[in-house]
Amino acid sequence: MIQVKPILTRLLLVASLMLPWATTGAMESFDRGGVITAVGYDKFTVEQQEYRIAPGAKLRSFDASRKQFSDFRPGDVIMFQGKVLNDVHYVDVIIYRTPVEI
């Protein structure tokens with residue numbers, strides 16, 4: 001029993017030190033754009049893919065009426081960047097440009 005405790009202690013120490021790297025390989029960046037089809041409190045949908053707004057996300061808008069995320073509506077066209085972590089798409093930057101009338 002005395003020999004098992006040091007082995008378990010070492011094993012727990014190694015496992016706890018490796019934990020931060022467990023999800024590092026799953027993180028992937030993306031850069032997309034499209035038409036918003038649905039808007040929620042902290043998420044939106046573009047092309048049948050749901051994206052969550054990351055804490056501290058930045059919004060860049062060239063339209064005075066679209067200065068906050070709550071101003072966006074279905075049908076708005078946006079470009080956005082973010083990261084995928086464990087199959088969840090987190091958006092870091094959203095760029096809204098006013099559509100040009102042709």
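Residues are numbered from 1 along each chain as its sequence is written, and side-chain values use heavy atoms, with hydrogens and water left out. Because the model is predicted, local features need pLDDT of at least 70 and side-chain atom pairs count only at pLDDT 80 or more, while totals for chains, interfaces and linings use all residues.

**Exercise 1. Determine in which sense strand S3 pairs with S2 and with S5.**

Step 1. Strands are DSSP runs of E with at least two residues, numbered from the N terminus, and two strands pair if DSSP finds at least two bridges between them.

Step 2. Strand S2 (residues 43-46) and strand S3 (residues 49-61) run antiparallel and are joined by four bridges. Valine 46 lies opposite glutamine 49 of S3.

Step 3. Two residues separate S2 from S3 in a hairpin, and glutamate 47 in the turn has a positive phi of about 50°.

Step 4. With strand S5 (residues 88-96), S3 pairs in the parallel sense over seven bridges. Leucine 59 has isoleucine 94 in S5 as its bridge partner.

**Exercise 2. Classify the aromatic pairs of tyrosine 51 with phenylalanine 80 and of phenylalanine 69 with phenylalanine 72.**

Step 1. Rings of Phe, Tyr and Trp (its six-membered ring) pair if their centres lie within 6.5 Å; planes under 30 degrees apart count as stacked, over 60 as edge-to-face and the rest as tilted. The whole structure holds eight aromatic pairs.

Step 2. Tyrosine 51 and phenylalanine 80 are edge-to-face, at 4.7 Å centre to centre with 65° between the planes. This pair links distant parts of the chain, with tyrosine 51 in S3 and phenylalanine 80 in S4, 29 residues apart.

Step 3. Tyrosine 51 counts as buried because its relative accessibility is 3%; phenylalanine 80 counts as buried at 1%.

Step 4. Phenylalanine 69 and phenylalanine 72 are tilted, at 6.0 Å centre to centre with 45° between the planes.

Conventions: Buried < 20%, exposed > 50% of the residue type's maximum accessible area, 1.4 Å probe, protein only.
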